[in-house]
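Please keep the sequence and the structure in view while reading.

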Amino acid sequence: AKALGVSMAELFTDRDILKDVNSIDTTLMERISLIDTLSKEEQKTIFSIMDAFLSKRKLKTTLKTVLNDIQ
């Protein structure tokens, strides 16, 4: 439980309870559990969106580092 960042109770909680949880109020592990219940096509869409945001973040960080090195 500690390694996953969840309580012991969460390890034994019925996954169906998570279906009605607003994603804003869920932990990362709960969100992953919810994504796992989606179809493969829905998962592919979510991962594509996540990849786009992560790539954008990495690009911004890299550009910021380069600009700081130039100055």
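A patch of positive charge on the surface brings together Lys 56, Arg 57, Lys 60 and Lys 64; patches are built from residues with over 30% relative accessible area and no salt bridge, with like charges joined within 9 Å and nonpolar side chains (Val, Leu, Ile, Met, Phe, Trp, Tyr) within 5 Å. A salt bridge here is a side-chain nitrogen of Lys or Arg within 4 Å of a carboxyl oxygen of Asp or Glu. The model is predicted, with local features requiring pLDDT of at least 70 and side-chain atom pairs pLDDT 80 or more, whereas totals for chains, interfaces and linings use all residues. Residues are numbered from 1 along each chain as its sequence is written, and side-chain values use heavy atoms, leaving out hydrogens and water.

Leu 4, Leu 28, Met 29 and Ile 32 make a nonpolar surface patch of about 370 Å².

The table lists exposure classes (buried under 20% relative accessible area, exposed over 50%, partly exposed in between, with a 1.4 Å probe and protein chains only).

| Residue | Relative accessibility | Class |
|---|---|---|
| Arg 57 | 57% | exposed |
| Met 29 | 30% | partly exposed |
| Thr 27 | 33% | partly exposed |
| Gln 43 | 10% | buried |

Helices are DSSP runs of H or I with at least four residues, numbered from the N terminus. Thr 27 sits in the loop between α1 (8–11) and α2; its C-alpha is 8.6 Å from that of Val 6, although the two are 21 residues apart in sequence.

Conventions. Accessible areas come from the Shrake-Rupley method with a 1.4 Å probe; for residues, only the protein chains shown count as cover. Lys and Arg count as positive and Asp and Glu as negative; His and the chain ends are not counted. The place of a charge is taken as NZ of Lys, CZ of Arg, CG of Asp or CD of Glu. Helices (H or I, at least four residues) and strands (E, at least two) are DSSP runs, numbered from the N terminus.
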